[in-house]
Amino acid sequence: MTRPLLSPAERRTARRPRPARQRQERIRPRQLAVAVIMFLEIFLTLALGGTIVYLFLSRKKEETLPIEEEWWGKGQKPDSEEDTTVRPFKVETTEAELNDLFRRLDQARFTEPLENSCFQYGFNSVYLRKVVSYWRNQFNWKKQVEVLNKFPQFKTKIEGLDVHFVHVKPPSLPEGRSAKPLLMVHGWPGSVYEFYKIIPLLTDPASHGLSDEHIFEVICPSIPGYGFSEASHKKGFNSVSAACIFYKLMCRLGFHEFYAQGGDWGWLICTNLAQIAPNHVKGLHLNMVSVTSMRFTQLLSILLGRYFPGLFGFQDEDVRRMFPFLKKGLYRILVEAGYAHIQATKPDTVGCGLNDSPVGLAAYILEKFSTWTDLEFRKLEDGGLERKYSLDDLLTNVMLYWVPGCMVSAMRFYKENFGKGIGTQKHEKLPVRVPTGIASFPNEVLHTPRSWAQQKYINIISFNFMPRGGHFAAFEEPELLAADIQQFVGRVEKEELWREKGK
């Protein structure tokens, strides 16, 4: 095909340059695109930088709980400085105290249990008669007082309260070695007596067939309102308050770096302590962990974790302990948490009766030592109590509520911690960055898998499924718990050594 011939006028028009407006119209979209891209880059840079700065600053602000300066004693806080003397203390008893106890035991009224009810309705009164008879005729409280006094005990004033604690140092140390301070905190309905069997394993491990690579100096305080620690005279004394007092106690004793261990309320108090003083708590070891807030993935794991365990970080043992969740989770909460609802709402009402009746007190406390040791014990007429414990040990723990008359104040601790609702407190929203070890016992009422615990404890360096045992680990399985504490501390110390070498 041949191109058509153009006239001279048409050729001049074709050679004529395009107007400036047309050239600008072609260039303008490119400039606009470049400007938009530059604007987006600047905006994203500023936004990202601002977000990083905000997260950094907000993280710094939220990393720790404040150390509270409170006054829990009677009346107004005095102007004078608080006496910081650490005073020796010994448990004592009198004939009048024993006579009053015996009179009340002799006058006890019992209700016949339902046939074949075992411990499924609570403490079976047939077995309760046996316990009361032993308590009245064979239990030797004076002898148990000597047992309690075999470890050094002390009291000291902190925030207006007389705080009781057991403090046991190693009988000897290899040359060039120092003991590692270990704070151990009990819960309800326990006491410092729970730790009496594990203390020698930690302070003198070689004499008990354990490795002496780590030797401990053990401090076991009674939570204020429990045992021989004075109860708060004001409302609001919760786990954070107890953690602040125990932190001040450890500082007063000269320990600026220490390990903390606990279960039950001891779990929460030691957790709060790690949030208050993360630079002072070298490691946190727990034999119970509870989740107070659930994320979407955790809720989803309840529905699907049984079928896709790997997707949610569950191990086979997690699946065995958790599912079916309706039975092993929700149903257990409904059946076993009635006491917590009472104590979190009206502790003084039921507490009055328990504080006045030693038989009622024993039934209320020992039922927990049955069920929380093994839920299957509910099917036994004696609650399986003597399968794991002696009556002397169980009644000694009961006496640490009866003698000081502390049941009401101990129960109030639930109201102070739950009274404002679950998931509403600042400490519940803060992560724990301290190296954490968890000993997961198979008969704990509710199981918390590692993947759930890591939402709160972001530096778990040890999580072990224990072969046996329940809620009262130190009381029931002291050797297992001591060994797990030993291996956990070993890991913490090695990591610390590696960091030092890295520097």
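The largest nonpolar core of this predicted model comprises 127 residues, and those with the most contacts inside it are Trp-188 and Leu-366; a nonpolar core is here a set of buried Ala, Val, Leu, Ile, Met, Phe, Trp, Tyr and Cys residues joined through side-chain atoms within 4.5 Å. Helix α7 (residues 239-252) gives the most to this core, contributing nine residues, whereas a second, separate core of seven residues includes Ile-302, Met-322, Phe-323 and Trp-452. Residues are termed buried under 20% relative accessible area, exposed over 50% and partly exposed in between (1.4 Å probe, protein chains only). Helices (H or I, at least four residues) and strands (E, at least two) are DSSP runs, numbered from the N terminus. Residue numbers start from 1 along each chain as its sequence is written, and side-chain values use heavy atoms, with hydrogens and water left out. Because the model is predicted, local features need pLDDT of at least 70 and side-chain atom pairs count only at pLDDT 80 or more, while totals for chains, interfaces and linings use all residues.

Strand β4 (residues 180-185) is largely enclosed by the rest of the structure, since six of its six residues are buried. In a regular strand the side chains alternate between the two faces of the sheet. In β4, Lys-180, Leu-182 and Met-184 point one way and Pro-181, Leu-183 and Val-185 the other way, all of them buried. Two strands are taken to pair if DSSP finds at least two bridges between them; β4 pairs in the parallel sense with strand β5 (residues 216-221) over four bridges, and Phe-216 in β5 is the bridge partner of Lys-180. Four bridges also join β4 to strand β6 (residues 258-262), again in parallel, with Gly-262 in β6 as the bridge partner of Val-185.

Most residues other than glycine have a negative phi, and most peptide bonds are trans. A positive phi, near 55°, is found for Asp-264, which lies in the loop between β6 and α8 (265-276) and is buried, with a relative accessible area of 11%. Cys-118, in the loop between α3 (95-106) and α4 (125-137), likewise has a positive phi of about 50°, and at 14% relative accessibility it counts as buried.
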